[in-house]
Amino acid sequence: MTSATTKSLGILRLDRFLPAGTVAADPPDGSILHASTFEFPTISEVVVGAGVERVVKGDIGLEPAFIAAANRLVARGAVVIATTCGFAVRHQKALSRAVSVPVVTSSLLLLPLLLRQLPQQAKIAILTYDSTHCSEDLFDLEHEDDRRRIVVGGIEGGKFWHDELKSPPPPVDVHSIEEDVAACIQRLRDSEPDIALILFECAAFPSISASIRRLTKLPLYDITDLCRMTMAAVTLG
């Protein structure tokens, strides 16, 4: 068990609505919740009531539950707060105001930095759990020129999308995620040849980051990259 004095990454987990006494399935390798993903300790708290559908659709009523869970993590020794859903970026400002440690709710926070790594004509493909709800207001990009460089593709309608809406959801099917994401990227690249970088919104996607990098030969960022960078900035040795 992680002690309260250990500097840990605190992870806000969505509510899986598991029946009492049910043991959650092991997270897939590479995911934000897998014990071997990071070289530093992690702790987590469930955001009570925060099911996938409510978070993806932006239910503002969940904000108190997110803040309460974040405060519990800080009390347990979290020095950075992250989440298991990129759509939680809607609660970024509220969480940052509520706790005294850095908050990185979503890989989408990387967008301004990533855009400036690339030539002006290059585009970024955001791969998301549900593109119908991944709108420009989540990107927080001030300039229209920057917004035009963003291409969004989602896996809505696929097996993982349907599985996550079940209560409780079944164990994550990594193979189905990989198939759906690879097909979506191919469609995007066929229509947008200037795509030069991929950003995974979904916190379930890091389990396939390595295979998608090999497939596309493109730079790819996900929430685990942002977590590592932020933890490196606030911890010593």
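**A guided tour from a buried ring to the pockets**

Begin by selecting F40, which is buried, with a relative accessible area of 15% (buried means under 20% relative accessible area, exposed over 50% and partly exposed in between, with a 1.4 Å probe and protein chains only). The structure is a predicted model, in which local features need pLDDT of at least 70, side-chain atom pairs count only at pLDDT 80 or more, and totals for chains, interfaces and linings use all residues. Residues are numbered from 1 along each chain as its sequence is written, and side-chain values use heavy atoms, with hydrogens and water left out.

**Aromatic pairs**

Rings of Phe, Tyr and Trp (its six-membered ring) pair if their centres lie within 6.5 Å; planes under 30 degrees apart count as stacked, over 60 as edge-to-face and the rest as tilted. By this rule there are three aromatic pairs.

Next, select Y129 and F160. Their ring centres are 5.9 Å apart and their planes stand at 90 degrees, so this pair is edge-to-face. The pair links distant parts of the chain, 31 residues apart: Y129 is in the loop between β5 (123-128) and α5 (144-147), and F160 is in helix α6. Helices (H or I, at least four residues) and strands (E, at least two) are DSSP runs, numbered from the N terminus. Y129 is buried at 4%, and F160 is buried at 3%.

**Helix α2**

Select residues 63-75, helix α2. Its buried residues are E63, F66, A69, A70 and L73. Viewed down the axis of α2, these fall within an arc of 130 degrees, so they line one face of the helix; the arc is that of the directions from the helix axis to the C-beta atoms. The face turned away from the buried side carries the exposed residues P64 and A75.

**Pockets**

A pocket is an open set of points on a 1 Å grid over the protein atoms alone, where a 1.4 Å probe fits, with protein on both sides within 12 Å along at least five of seven lines; lining residues have an atom within 4 Å of a point.

Select R13, R16, L33, E164 and V172, which lie nearest the centre of the largest pocket, among its 34 lining residues. Helices α1 (52-57) and α6 (159-164) each supply at least two residues of this lining.

Finally, select the lining of the second largest pocket, which includes V89, R90, L108, F139 and D140.

Key:
Expected span 1.5 Å × (residues − 1).
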